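Here is a short briefing on a protein structure. Keep the sequence and the 3D view open as you read.

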Amino acid sequence: MGKLMMLEWRKLKQKMIMGELIIYWGILMFLPIFFIKMVSTDFGESYSTIIQLMISIQMGFVLFGASLINQVVIDEYKNKTISLAFGYPISRKKLVTAKVLFISLFVFCCTIVSFLLAGITTYLLDHFFQIIDGQPTIADLTTYFSKMIGHSFMITLISLIPLYFFGVWKRATFPTVLCALFLMQFQNFSYLLNIDINPDMVNVGLCLLGAASVYLSIKMVDKVGDL
Amino acid sequence: MEYIVRTNGLTKKVKSKVLVSNVNLQIKKGEIYGFLGQNGAGKTTIMKMLTGLISPTTGEITLFNQKLTEISKSSLKRVGSIIEYPIFFEHLTAMENLQIHCEYLGYYDQKAIIQALDMVHLTGIEDKIVKDFSLGMKQRLGIVRAIITKPELIILDEPTNGLDPIGIKDMRDLIRMLNREYGITFLLSSHILGEIEQVADRIGVIKDGKLVNEVTLADISKQRTEYIEIVTKDVQKSVYLLDSELKIPNVKIIQDNRIRIYDLTLPQSEISKTLILHDIEIEEIQKHISTLEDYFYQQIHGGDKVG
């Protein structure tokens, strides 16, 4: 399986993906300080406040996941290169599993790195320019690192929601991106629309949808449309 | 006789449309088998099923005495193919594409890649991006990919598409060489009947998704007939003269202005002389041998070739 995942990486336009990734990392690492300076100084009240913001902005990686779905799954169907893979003596389920695991691992690792970069950048900028009140406590750091793992996992699963319907089945790029944008902003929409939903429950629900999408993608790959 | 491809009642339906119907195909080890059929006859669909790209609605495929199903595809390791047109990761180099192919098949012989490129006269392009290749080069690179792992069966759908005349000859020579020297079995399809005629040992005629006939080239050669074809505006008078003056019984009118004479006892010069002496204006008179094209046309349309 590791070899199949590595082959997925070798087939991609690697420079383009790395460029995209650098843009994501660059934006997300400076975004917390940008919010304090340009949107509201309330975010700089304490490290515990800014940590909440830093965690929520990493949802941006759901969009990165959509970009990967587009390149790893949809483009392969559109360019018909998927027919090469399906002609090898490897079952389609295994091939799709390799694609899903590759996307998952890539999004998970990149989100972790993004968390680390955002944390370090925010701390260093605060260290030199005194932007946030107070110093980070051990409790703040523990929260940040535990949330980093949990949220990276959650973001990975949420990013896979469009995989089955818009990826494997409909093979549609634009709806995949739109779906990711909607999922990224879901919590904000419910806040703006004054809908009172427990955010943790929403996240659990979205994670379940992501898991269902993965299950259906692998289960139904033989059935959803011929090449 | 060992058959390496066998299909039993192979059928493919998409919604209510029957693309392939009850095809029972048998390809012997070491032969070159050609598919003939018009566009949309079902050749590519059969080839897609044989390479595991689509699954049959009903029927069975057996490759190398193993049933081919989605959960049992190991026999595909022994098959190389190009279906419809050669597909590549266009942003990668030729070498990267070939290496990825080999890794999917668990084949790690770098020398085999160079050897295969050499066979198709494609050396020196290894580090070039496939996007910049002409269709002909892609077709040849597709052949390289199909032969690289030395498969026992190669399935080529329209292999001469996009090739120039020299490329077509090279392809024909390559197929013959691989068949002769390595014992590789081929399943080919082509619209260029002369191409199939020059390489295939046996031909399967596909019409409306059905395998309507299978015949060896040797059998077709036996069935070949010679005839003289006359093109004239005065068909009725010509036929009358051929019958009354020259006593030629076996004459056939094709369209409104062509006459075919199948009895070749009299020389062509004698026939022309008689017709000219009776003021018949001959636009063309020529001796023909019925070709595979004629045979194919008869199989598809059930009549003589016209026009």
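Chain B has 10 helices and 15 strands. Helices (H or I, at least four residues) and strands (E, at least two) are DSSP runs, numbered from the N terminus. This is a predicted model, where local features need pLDDT of at least 70, side-chain atom pairs count only at pLDDT 80 or more, and totals for chains, interfaces and linings use all residues. Residues are numbered from 1 along each chain as its sequence is written, chains are lettered from A and ligands numbered from 1 in the order in which they are written, and side-chain values use heavy atoms, leaving out hydrogens and water.

**Chain B as a whole**

- The C-alpha trace of chain B spans about 75 × 45 × 35 Å along its principal axes.
- Of the 307 residues in chain B, 49% are buried (under 20% relative accessible area; exposed is over 50%, partly exposed in between; 1.4 Å probe, protein chains only).
- Chain B exposes about 14600 Å², and carbon and sulfur atoms supply 48% of that area (Shrake-Rupley method, 1.4 Å probe).
- Take the contacts (heavy atoms within 4.5 Å) in chain B between residues at least 6 apart in sequence: 68% join residues at least 24 apart.

**One loop residue in chain B**

- Q255(B) sits in the loop between β13 (251–254) and β14 (258–261) of chain B.
- Q255(B) is partly exposed, because its relative accessible area is 41%.
- Q255(B) and S190(B) are 65 residues apart along the chain, and their C-alpha atoms are separated by 28 Å.

**Helix pair in chain B**

- Two packed helices are described by the angle between their axes and the distance between the axes.
- Helix α2 (residues 94–104) and helix α3 (residues 110–119) of chain B have axes that come within 11 Å and cross at roughly 125°.
- So α2(B) is oblique to α3(B) (under 35 degrees is roughly parallel, over 145 roughly antiparallel, 65 to 115 roughly perpendicular, the rest oblique).
- M95(B), L98(B), Q99(B) and C102(B) of α2(B) meet Q110(B), I113(B), I114(B) and L117(B) of α3(B).
- The residues of this α2(B)–α3(B) contact are 6 nonpolar, 2 polar and no charged (Ala, Val, Leu, Ile, Met, Phe, Trp, Tyr, Cys and Pro count as nonpolar, Asp, Glu, Lys and Arg as charged, the others, Gly among them, as polar).

**Helix pair in chain A**

- In chain A, the axes of helix α4 (residues 61–78) and helix α9 (residues 173–184) come within 9 Å and cross at roughly 165°.
- Therefore α4(A) is roughly antiparallel to α9(A).
- The residues of the α4(A)–α9(A) contact divide into 10 nonpolar, 3 polar and 1 charged.

Notes:
Axes are lines fitted to C-alpha atoms, for helices over the stretch in contact, and angles run from 0 to 180 degrees between N-to-C directions.
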